Amino acid sequence: MPELKRTPLAERHEQLGARMVDYAGWYMPVQYTGIIQEHRTVRTAAGLFDLGHMGQVEVAGPDAQAFLQYVTTNDVTALAPGEAQYSLLLYPDGGVVDDILVYLRPSGESYLVVVNAANTDKDLAWLAEQRQKRSDLDVTVTDLSPRLGMLAIQGPKAEEILQQVTSANLGEIAYFHAAEIDVDGVPCLVSRTGYTGEDGFEIYCPIEKTEQLWDRLLRVGEPMGLKPIGLGARDTLRLEARMPLYGNEISAEISPLEAGLGFAVKLDKGDFIGREALQKQKAEGVKRRLVGFKLVERGGVPRTHYEVQVDGRTVGFVTSGTTSPTLGENIGMAIVDREVAGVGKPLDIIIRGKPVRAVQVRTPFHKHQES
């Protein structure tokens, strides 16, 4: 077994009694006190997440915008300084290399691309390959991951807690916007983004300051209910919010159009990798669709890769499933044949060899309440 990579907070997690696991080669906390309890903490108060395993890449140079416009699906030219957008890196056949966040830094001088932990090395190699192919563009691609720490604070009390440790007015940071501000005296990039379906912020800081910020936030946030949250609750939170997980809802075999991510694909922006394949897919109509469902009879919990049937015929598979801590119901997402997709239509999820009746429902399963 190769030695697992550790974030600067590994010892903090151990001290807090976290159950640690191997996640994409990283030594990470899956839970502290229990997934359901941690999940509900984020929905009702606030949770603090260690995202030090995520990858961060800087794209800079005179042709940085043109390069990103070519390698991503969204329209980078629409970004104003301090704005972020959800986007994807694609293979030429329309399969997904990774889903990413692209920031135009508040200075407007360069872009920050945030990638999934499991895909960091693959993404860096992919971007380097494309940069080589586009030698006509003056652009540099730099891995910032060894230098940047990353935390997230999520939940209805996130702004109130974070406001305790910064003089900047967090109310001025709109959704999917970012600002360069001091947090507890540390220069950070703070964005109003997240992966939970709740309001909150993601904080990018010098990696050597991660422990300082983690400790201070937990200290000031404790009276307002802030708790550390592990990867287990992060997964159930994002599923309730219908946010895709790479390798589940999107992959090299599942295109963004099949996954319902057309909002992040701008086919009219000009040439980009995978555009031709997606144009063809759109013209012909996608053959599969990602749908949400809930079980309407007892029989177990739906899990990734479980077979989905209609009238005894296999029509797809579950991409993610869980018992929803918010709804108290067994829910999931599945990729199914287009002709059986539709809110209200029945599905059978094969659990331990037996069909369990489900019905397709509108997603997201949960939306946070505006205060």
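Author: Let us begin with a helix, where helices (H or I, at least four residues) and strands (E, at least two) are DSSP runs numbered from the N terminus. The buried residues of α3 are Ala64, Phe67, Leu68, Gln69, Tyr70 and Val71, where buried means under 20% relative accessible area, exposed means over 50%, and partly exposed lies in between, with a 1.4 Å probe and protein chains only. The model is a predicted one, in which local features need pLDDT of at least 70 and side-chain atom pairs count only at pLDDT 80 or more, while totals for chains, interfaces and linings use all residues. Residues are numbered from 1 along each chain as its sequence is written, and side-chain values use heavy atoms, with hydrogens and water left out.

Reader: What makes helix α3 largely enclosed by the rest of the structure?

Author: Helix α3 covers residues 64-71, and six of these eight residues are buried, so the helix is largely enclosed. The cover over its buried residues includes β5 (55-60), β6 (84-90), β7 (96-104), β8 (110-115), α4 (120-133) and β9 (140-143).

Reader: Why does Cys188 count as buried, and why does Cys205?

Author: Cys188 has 5% relative accessibility, so it counts as buried; Cys205, at 0%, therefore counts as buried too.

Reader: What makes strand β18 mostly covered, and which strands pair with it?

Author: Six of the eight residues of β18 (residues 330-337) are buried. Two strands pair if DSSP finds at least two bridges between them, and β15 (residues 288-295) meets β18 in the antiparallel sense over seven bridges, with Arg289 having Val336 of β18 as its bridge partner. Strand β17 (residues 313-323) also pairs with β18 in the antiparallel sense over seven bridges, and here Thr322 stands opposite Ile331. Between β17 and β18, which form a hairpin, there are six residues, and Gly328 in the turn has a positive phi of about 70°.

Reader: Which residues have the most contacts inside the largest nonpolar core?

Author: A nonpolar core is a set of buried Ala, Val, Leu, Ile, Met, Phe, Trp, Tyr and Cys residues joined through side-chain atoms within 4.5 Å. The largest one has 43 residues, and those with the most contacts inside it are Tyr86, Leu88, Tyr103, Leu112, Val114 and Ile250. Strand β6 gives the most to this core, with four residues. If contact means heavy atoms within 4.5 Å, then Tyr86 touches, among others, Phe176, Ile250 and Phe263, not counting residues up to four places away in sequence.

Reader: Why is the protein chain called as compact as a globular protein of its length?

Author: The secondary structure of the chain comes to eight helices and 20 strands. Its radius of gyration, taken over C-alpha atoms, is set against the globule rule of 2.2 Å times the number of residues to the power 0.38. The chain's value is 21 Å, close to the 21 Å that the rule gives for 371 residues, so the chain is as compact as a globular protein of that length.
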